[in-house]
Every structure is written in structure tokens, then in C-alpha cells.
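The sequence and the model should be kept in view throughout.

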Amino acid sequence: MDHSGHGMTTDLPPFTLGRGLEFSPDLFFLIGCLVALGLYGWGVARLRRRGDAWPVGRTVVFAVGVLTVALVMCTKLNDYGMVMFSVHMVQHMVISMLSPILLLLGAPVTLALRALPVAGRGSLGPRELLLKLLHSRYMRVITHPAFTISLFIASLYALYFSPLFDFLMGSKAGHIGMMVHFLMVGLVFFWPIMGVDPGPHRPGYVMRMLELFAGMPFHAFFGIAMMMATEPLVKAYENPPASLGIDALADQNAAGGIAWAFSEIPSVLVLIALVYQWYRSEQRQAVRKDRAADRDGDKELEAYNAYLASLRSR
């Protein structure tokens with residue numbers, strides 16, 4: 001028997017982690033993950049060939065980010081996610097809140113700008129087109145906090161509490177489009193906050209933290225609403241296959257708990273990354289000031305001492 005026109009069988013055995021992690025690739029995401037790893041590896045190899053360094057840590061974290069996408073989309077987690085709300089919520093949270101953070105920490109845009117060749121004068125190559133996109137009005141709009149926070153919140157409430165979710169679950173293309181949307185929303189939301197790659201908006205560290213926590217209460221409330229609901233809220237999961245041996249309401253409550261937990265975990269990871277970036281930025285600034293003082297004999301300190309002397313003389 002098919003589920004929602006996907007060709008997904010509804011006679012899956014009861015869910016276990018072992019069954020969920022069995023290899024069951026979605027061709028779209030499998031190809032996408034391999035292409036992402038291949039392009040990133042090409043960029044790193046190109047830098048190495050010309051003698052430029054690229055941090056190994058960035059390569060590792062980007063690869064792990066791609067693997068998290070593959071983990072939820074190229075295993076039977078994707079099959080179970082079609083009939084179990086809780087497993088679907090794991091997919092959603094990983095691909096929208098964990099994968100984007102790891103991918104962005106890999107600084108793929110910075111790598112592309114360094115690895116792509118510069119086009120000849122008067123011509124537009126891939127590097128020039130990327131720079132044009134980064135400086136475009138479109139990019140300024142979609143990375144503005146007013147847009148990213150609103151989109152982040154709307155992707156939860158407008159999707160799950162409207163018929164749109166059931167419509168998208170009704171076809172394979174709709175399901176793929178929904179998952180791509182989750183990934184894109186996560187990338188757009190966390191990109192200005194992480195501040196690793198260049199972009200139109202680069203707020204200070206305090207502002208980034210405020211942006212991070214602005215959307216989290218809404219995310220937590222969404223999870224709590226799911227946990228406290230007394231009836232199924234999403235039609236796609238209100239009649240789970242009997243072979244799973246689960247109750248639809250209990251599974252929905254579990255999905256709410258997963259959504260609530262994921263509003264906290266990535267926030268802590270991003271906060272740690274931001275504090276570390278802030279510390280590194282302060283260290284670099286201190287080194288620059290020390291070098292400037294060595295070059296000019298610390299004129300800034302001399303000027304300050306002269307100012308204090310003038311106050312005393314008055």
C-alpha cells in the first residue's frame with residue numbers, strides 16, 4: 001500500500017534506530033551531497049596546489065554538515081519520516097538547525113571566492129557573478145534580520161498549522177521541496193549570525209546574539225504546543241500504519257518534544273561559536289594595536305598622556 005503518492009510502503013516494521021539508519025538514498029539529496037563535497041574538495045585542492053592554506057577544521061566541519069543532511073535524507077529515517085511525525089521532526093530540526101550551522105562554519109563562500117579564478121577584464125566569470133550576488137539588493141533583503149527571523153518563525157507555524165503541509169506531503173517533489181526549503185531557511189537565518197562568510201549584513205557580536213535568541217522563544221512555544229495538543233494537528237500523520245504499533249497523538253507529542261529540545265541545542269552551539277569568534281577578534285585587534293605601537297612609538301599612548309598632563313595644568 002502506498003503513502004501519499006510517494007511509493008512509500010506503509011508496512012514498515014516498528015521503528016528502531018538501527019532500522020532508521022539503514023541506507024535508503026533519496027537520489028536528489030544523494031547527488032546534492034556528493035556534488036557539495038566534490039566542489040568543496042576541488043576548492044581546497046586548488047588552494048593547496050597554489051600554496052595557499054585552508055584550515056583543516058573548516059573542511060572537517062563542512063563535511064560533517066553534508067553528512068548530517070545525508071543522514072536524515074539518505075537513510076530509512078526518510079522512509080519512516082513519511083509515516084511518523086516524530087521522525088519527520090528529527091529530519092526537520094537536523095536539516096534546518098544543525099546542518100546549516102555546520103555548513104556555514106565551513107565557510108564555503110569564502111572558499112569559493114578564494115578558489116575561483118578571476119575573469120579577464122570586462123568579462124563575468126563564476127567568481128564575479130558570486131560577488132555580484134553577494135552585493136545585490138536581493139541578498140540584502142533575504143539576509144536582513146526582519147526577513148530572516150520572520151521566515152524562520154513562519155516556516156513552522158504557517159506550514160504545520162495550515163493545509164500546505166499535507167499538500168506538500170502528497171508528492172515526492174513536494175516533500176523534496178519542503179526539505180530544501182528547511183535547509184535554505186536555516187542557511188539564511190544563521191548566515192548573518194555566524195559571520196564566517198562575507199555578506200551584506202555584518203552586525204556586531206551582541207546584535208548577533210540578540211538575533212539568535214529572537215526566534216528561539218517562538219520555536220520553543222511551537223514545540224510546547226505540539227506536546228500539549230489533545231488531538232492530532234497534522235492530517236498526514238493522524239492515521240499511522242498499524243504495523244508501526246504507535247499512537248498518533250503520542251507520536252505528535254514526541255515530535256513536539258524534539259522541536260522544543262532543538263530550540264536549545266543549536267542555540268548553545270552557535271553561542272559558543274560566537275563567543276570564540278569574539279575572543280579571536282579581540283586577540284587579532286590587540287595584535288594589530290601592538291604592531292602599530294611598535295611602528296609609531298605608541299603615539300596613541302603619548303597623546304593620551306599629553307591630554308592628562310593638560311588637564312593637570314588647568
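This is a predicted model: local features need pLDDT of at least 70, side-chain atom pairs count only at pLDDT 80 or more; totals for chains, interfaces and linings use all residues.

Helix H9 (residues 145-160) packs against H11 at an angle of about 155 degrees, the two axes lying 8 Å apart. H9 and H11 are therefore roughly antiparallel to each other. Their crossing is left-handed. On the H9 side, the contact is formed by Thr-148, Ile-149, Leu-151, Phe-152, Ser-155, Leu-159 and Tyr-160, while H11 contributes Met-178, His-181, Phe-182, Val-185, Val-188 and Phe-189. By residue type, this contact comprises 10 nonpolar residues, three polar and no charged.

The secondary structure consists of 15 helices and two strands. The chain has 314 residues, of which 43% count as buried.

A second pair of helices is formed by H3 and H5, whose axes are 7 Å apart and pack at an angle of about 165 degrees. H3 and H5 are therefore also roughly antiparallel to each other. The crossing of H3 and H5 is left-handed. From H3, the residues that make this contact are Arg-58, Val-61, Phe-62, Val-64, Gly-65, Val-66, Thr-68, Val-69, Val-72 and Met-73; from H5 they are Gln-91, Val-94, Ile-95, Leu-98, Ser-99, Leu-102, Leu-103 and Leu-105. This contact divides into 13 nonpolar residues, four polar and one charged.

Helix H5 (residues 85-105) also meets helix H13 (residues 248-262): their axes come within 8 Å and cross at roughly 15 degrees. Because of this angle, H5 is roughly parallel to H13. The crossing of H5 and H13 is right-handed. In H5, the residues involved are Phe-85, Ser-86, Met-89, Val-90, Met-93, Val-94 and Met-97, and they meet Asp-251, Gln-252, Ala-254, Ala-255, Ile-258, Ala-259 and Phe-262 in H13. The contact of H5 with H13 holds 11 nonpolar residues, two polar and one charged.

In soluble globular proteins, nonpolar side chains tend to be buried together. The largest nonpolar core of this model has 76 residues, and the members that touch the most others are Met-89, Tyr-160, Phe-165 and Phe-190. Helix H11 (residues 172-194) gives the most to this core, with 13 residues. Which residues surround Phe-165, once its neighbours within four places in sequence are left aside? Phe-165 is in contact with His-88, Leu-159, Tyr-160, Met-178, Val-234, Ala-236 and Tyr-237.

Apart from neighbours within four places in sequence, Leu-212 is in contact with Phe-189, Phe-190, Ile-193, Ser-267, Val-270 and Leu-271. One of these, Ser-267, is 55 residues from Leu-212 in sequence, yet their C-alpha atoms are 7.1 Å apart.

Beyond H5 lies helix H6, reached through a loop that holds Ala-107. Most residues other than glycine have a negative phi. The phi of Ala-107, however, is positive, near 50 degrees. Ala-107 has 0% relative accessibility and so counts as buried. Within H6, the residues Val-109, Thr-110, Leu-111, Leu-113 and Ala-115 are buried. The buried residues of H6 pack against H2, helix H3 (56-73) and helix H7 (126-134).

Two further residues complete the account. Ser-24 is found in the loop between helix H1 (17-20) and helix H2 (27-49). Since its relative accessibility is 16%, Ser-24 counts as buried. Not counting residues up to four places away in sequence, Ser-24 touches Met-73, Cys-74, Thr-75, Lys-76 and Asp-79. Is Tyr-138, by contrast, buried or exposed? Tyr-138, which lies in helix H8 (residues 137-142), has 53% relative accessibility and therefore counts as exposed. Between Tyr-138 and Pro-200 there are 62 residues of separation in sequence and 10.0 Å in space, C-alpha to C-alpha.

How values were computed: Residues are numbered from 1 along each chain as its sequence is written. Side-chain values use heavy atoms; hydrogens and water are left out. Axes are lines fitted to C-alpha atoms, for helices over the stretch in contact, and angles run from 0 to 180 degrees between N-to-C directions. Helices (H or I, at least four residues) and strands (E, at least two) are DSSP runs, numbered from the N terminus. Angles under 35 degrees count as roughly parallel, over 145 as roughly antiparallel, 65 to 115 as roughly perpendicular and the rest as oblique. A crossing is left-handed if the near helix is turned anticlockwise from the far one by less than a right angle, and right-handed if clockwise. Contact means heavy atoms within 4.5 Å. Ala, Val, Leu, Ile, Met, Phe, Trp, Tyr, Cys and Pro count as nonpolar, Asp, Glu, Lys and Arg as charged, and the others, Gly among them, as polar. A nonpolar core is a set of buried Ala, Val, Leu, Ile, Met, Phe, Trp, Tyr and Cys residues joined through side-chain atoms within 4.5 Å. Buried means under 20% relative accessible area, exposed over 50%, partly exposed in between (1.4 Å probe, protein chains only).
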